[in-house]
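Okay, thanks for coming, everyone.

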Amino acid sequence: MRHLLSVLVENEPGVLSRVSGLFSGRGFNIETLNVAPTLEEGLSIMTITTSGDDQIIEQIIKQLRKLVTVLKVVDLSEIKSVEREMILIKVNAEDGKRAEILRIVDVFRCKVVDVGFDELTIEVTGTQDKLNALINLLTRFGIKEVARTGAVALRRSMQ
């Protein structure tokens with residue numbers, strides 16, 4: 001099962017390597033990883049996507065909490081959360097296909113961020129399912145390049 005972990009860490013050299021080393025040293029895979037500073041100086045938030053049964057995830061969380069630089073670990077898969085991912089896709093767009101690609105861009109609420117003679121670069125944000133569906137649709141035109149951020153997530157507001 002896929003899990004999304006939010007890990008609050010001290011923003012200092014070596015933290016990323018210690019966290020990723022914990023995963024690799026125990027044979028766990030990191031599917032996606034995002035790290036960015038928080039509003040509080042000296043702290044960063046890591047968003048890690050991984051897979052495993054509940055027992056494996058529990059072991060990962062316990063091991064993460066043992067690291068000195070880790071302040072808090074939350075499994076966002078266990079609670080209501082908002083998750084998004086962003087991708088940039090460079091797709092072949094010859095004159096005859098450009099209009100159809102632009103219709104797809106409109107339906108998926110994407111943004112064209114760069115235009116070339118025979119290609120378009122598209123930016124889209126959404127759930128993993130939405131992004132995969134867009135990639136599947138654009139594959140027939142010929143995707144030249146993809147850059148994908150991986151998941152970022154926050155706990156939903158309680159209302």
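Predicted model: local features only at pLDDT ≥ 70, side-chain atom pairs only at ≥ 80, totals over all residues.

Let me start with a question: with which side chain does the side chain of Ser51 make a polar contact? The partner is the side chain of Glu31, at 2.3 Å. By polar contact I mean a pair of N or O atoms within 3.5 Å, where within protein one must be able to donate a hydrogen and the other to accept it, and residues adjacent in sequence count only if both atoms are side-chain atoms.

Residues are numbered from 1 along each chain as its sequence is written, and side-chain values use heavy atoms, with hydrogens and water left out.

Back to Ser51. It lies in strand 3; helices (H or I, at least four residues) and strands (E, at least two) are DSSP runs, numbered from the N terminus. Ser51 is partly exposed, at 35% relative accessible area. On that scale buried is under 20%, exposed is over 50%, and partly exposed is in between, with a 1.4 Å probe and protein chains only. Leaving aside neighbours within four places in sequence, Ser51 is in contact with Met1, Arg2, Asn29, Glu31 and Ile57, where contact means heavy atoms within 4.5 Å.

Now find His3, in strand 1. Is it buried or exposed? His3 counts as buried because its relative accessibility is 1%. Its side chain makes a polar contact of 2.8 Å with the side chain of Asp75. Beyond four places in sequence, the residues in contact with His3 include Ile48, Thr49, Thr50, Ile57 and Asp75.

Next, helix 1, residues 15-25. Val15, Val19, Leu22 and Phe23 are buried there. These residues cover an arc of only 95° around the axis, so they sit on the same side of helix 1; the arc is that of the directions from the helix axis to the C-beta atoms. As a reminder, an α-helix has 3.6 residues a turn, so residues three or four places apart point the same way. What do the buried residues of helix 1 pack against? The list is strand 1 (2-10), strand 2, strand 3 (43-51), helix 2 (54-66) and strand 4 (70-75). On the face turned away from that buried side you'll see the exposed residues Ser24 and Gly25. Just after helix 1, Gly27 takes a positive phi of about 75°.

Okay, the surface. Leu16, Leu33 and Val35 form a nonpolar patch with about 220 Å² of accessible area together. Patches are made of residues with over 30% relative accessible area and no salt bridge, joining like charges within 9 Å and nonpolar side chains (Val, Leu, Ile, Met, Phe, Trp, Tyr) within 5 Å. The areas come from the Shrake-Rupley method with a 1.4 Å probe, and for residues only the protein chains shown count as cover. Leu33 lies in strand 2 and is partly exposed at 31%. Val35 is found in strand 2 too, residues 30-37, and is partly exposed at 43%. Not counting residues up to four places away, Val35 touches Leu16, Ser44, Ile45 and Met46.

Last stop, charges. How many salt bridges are there? The count comes to nine, taking a salt bridge as a side-chain nitrogen of Lys or Arg within 4 Å of a carboxyl oxygen of Asp or Glu. Lys62 and Glu58 meet in one, at 3.2 Å, N to O; being four residues apart in helix 2, they are separated by about one helical turn.

Glu85 and Arg148 meet in another, at 2.4 Å. That pair links distant parts of the chain, with Glu85 in strand 5 (residues 81-92) and Arg148 in strand 8 (residues 143-148), 63 residues apart. Glu85 is buried, at 5%, whereas Arg148 is partly exposed, at 34%.

Then there's Arg140 with Glu100, at 2.4 Å, N to O. Arg140 lies in the loop between helix 4 (128-138) and strand 8 and Glu100 in helix 3 (residues 95-107), so this pair ties together parts 40 residues apart in sequence. And finally, salt bridges that share partners join Lys90, Asp118, Glu119, Lys144 and Glu145 into one network.
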